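Work through the exercises below with the sequence and the 3D structure open.

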Amino acid sequence: MPVISFANAKGGAGKTTAALLLATELAHQGYRVAILDADPQRWISQWFELSGPQHNIEVVSEVSLASLQGHLRELSATSDYVVVDLAGARDAVVTAAIGLSDHVMIPIQGCAMDAKGGAQILDLIRLMEEAGNLKVAHSVVLTRVTSMVTTRALLTIKGLLSARGVNVINTPIVERSAYREIFDCGGTLYGMDPAKISNLDKAQENARAFAAEVMRLLPVKVIRSQTPRRFLRLVRNAA
Ligand SMILES: Nc1ncnc2c1ncn2[C@@H]1O[C@H](COP(=O)(O)OP(=O)(O)O)[C@@H](O)[C@H]1O
Ligand SMILES: [Mg+2]
């Protein structure tokens, strides 16, 4: 059960949007997904209240420092993936969630170039590694990328981060009205009317590509027991 947290010390970086896109895409593909809403502003919880029950999605609200570990322990039996949406802060809950994650996604707005909030999380992860001897896998995901941002500009950002040893997800999350609509209308990209939402197909394609990369980084271990077949073969050979 991979645990994936979305962290950036600043609000408005695109954490909640990216977290919800990943969670709904994984659920659409048949995985059981739990979203831990660890942001006191409760954006994910409000989305869930508006949406009603969603196939393969469970939302845990009001996650605190005291309850975080217990939630993860309980969910390990029932979820294939856990997605944690964090507040735009660098507090104890954010630190604990990072420490308990298999991978931390750090959304940074591709156009704003204001990567300060992201850098604070990178510093925190480095500190945990140096002072706490705890290695946390992490990647930067560029968000709200518009057609104005050229491939070359993105490659430059990627190069700068790579030089500092930071992995960057190849698929940037594009600026799409569909991604705002999800929070206004509830549900997922797959329940929207393509006649009403512009470029819905492109939005779905972008979310799919992002989720595919995350799945490649963090595959769910499929435990297929070979024991019965091997046992039968042994019995047959012995006979
Ligand atoms: N890819 C995107 N396309 C369009 N709007 C976006 C996108 N990402 C974020 N937004 C909008 O930007 C604002 C902040 O995004 P949000 O995901 O809530 O950031 P955070 O969780 O980091 O505070 C919201 O109004 C959201 O709808
Ligand atoms: Mg948020």
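**Exercise 1. Find which secondary-structure elements each supply at least two residues of the lining of the second largest pocket.**

Solution. Strand E5 (103-109), helix H5 (116-132) and helix H6 (151-163) each supply at least two residues of that lining. Helices (H or I, at least four residues) and strands (E, at least two) are DSSP runs, numbered from the N terminus. The second largest pocket holds about 220 Å³ of space. Of its 13 lining residues, Ile108, Ala115, Ile157, Leu160 and Leu161 are the closest to its centre. Sorted by class, the lining of this pocket has nine nonpolar, three polar and one charged residues. The classes are as follows: Ala, Val, Leu, Ile, Met, Phe, Trp, Tyr, Cys and Pro are nonpolar, Asp, Glu, Lys and Arg are charged, and the others, Gly among them, are polar.

The pocket search runs on a 1 Å grid over the protein atoms alone; a pocket is an open set of points where a 1.4 Å probe fits, with protein on both sides within 12 Å along at least five of seven lines, and lining residues have an atom within 4 Å of a point. Grid points are joined across faces, edges and corners, and a volume is the space filled by probe spheres set on the points.

The model is predicted: local features need pLDDT of at least 70 and side-chain atom pairs count only at pLDDT 80 or more, while totals for chains, interfaces and linings use all residues. Residues are numbered from 1 along each chain as its sequence is written, chains are lettered from A and ligands numbered from 1 in the order in which they are written, and side-chain values use heavy atoms, with hydrogens and water left out.

**Exercise 2. Describe the lining of the largest pocket by element and by class.**

Solution. Start with the volume: about 570 Å³ of space lies in the largest pocket. Its lining comprises 26 residues, and those nearest the centre are Gly12, Gly14, Thr16, Thr17 and Phe183. Next, assign elements: helix H1 (15-28), helix H2 (43-51) and helix H7 (177-185) each supply at least two lining residues. Finally, the class count gives eleven nonpolar, nine polar and six charged residues.

**Exercise 3. Locate Ile173 and decide whether it is buried or exposed.**

Solution. Ile173 sits in the loop between strand E7 (167-168) and H7. Its relative accessibility is 4%, so Ile173 counts as buried. The cut-offs for relative accessible area are under 20% for buried, over 50% for exposed and in between for partly exposed (1.4 Å probe, protein chains only). Leaving aside neighbours within four places in sequence, the contacts of Ile173 (heavy atoms within 4.5 Å) include Ala18, Leu21, Arg144, Tyr179, Asn206 and Phe210.

**Exercise 4. Compare the span of helix H8 with the expected value, then list what its buried residues pack against.**

Solution. Helix H8 (residues 200-217) has 18 residues. From first C-alpha to last it reaches 26 Å, close to the 26 Å expected at 1.5 Å a residue; the expected span is 1.5 Å times one less than the number of residues. Buried residues of H8 include Leu200, Ala203, Asn206, Phe210 and Val214. The buried residues of H8 pack against strand E1 (3-6), H1, strand E4 (81-86), E5, strand E6 (138-143) and H7.

**Exercise 5. Check the radius of gyration of the protein against that of a compact globule.**

Solution. For 239 residues, a compact globule would have a radius of gyration near 18 Å; the protein has 19 Å, which agrees. The radius is taken over C-alpha atoms, and the globule rule is 2.2 Å times the number of residues to the power 0.38. Along its principal axes the C-alpha trace spans about 70 × 50 × 40 Å. The secondary structure comes to nine helices and seven strands, and buried residues make up 46% of the 239 residues.
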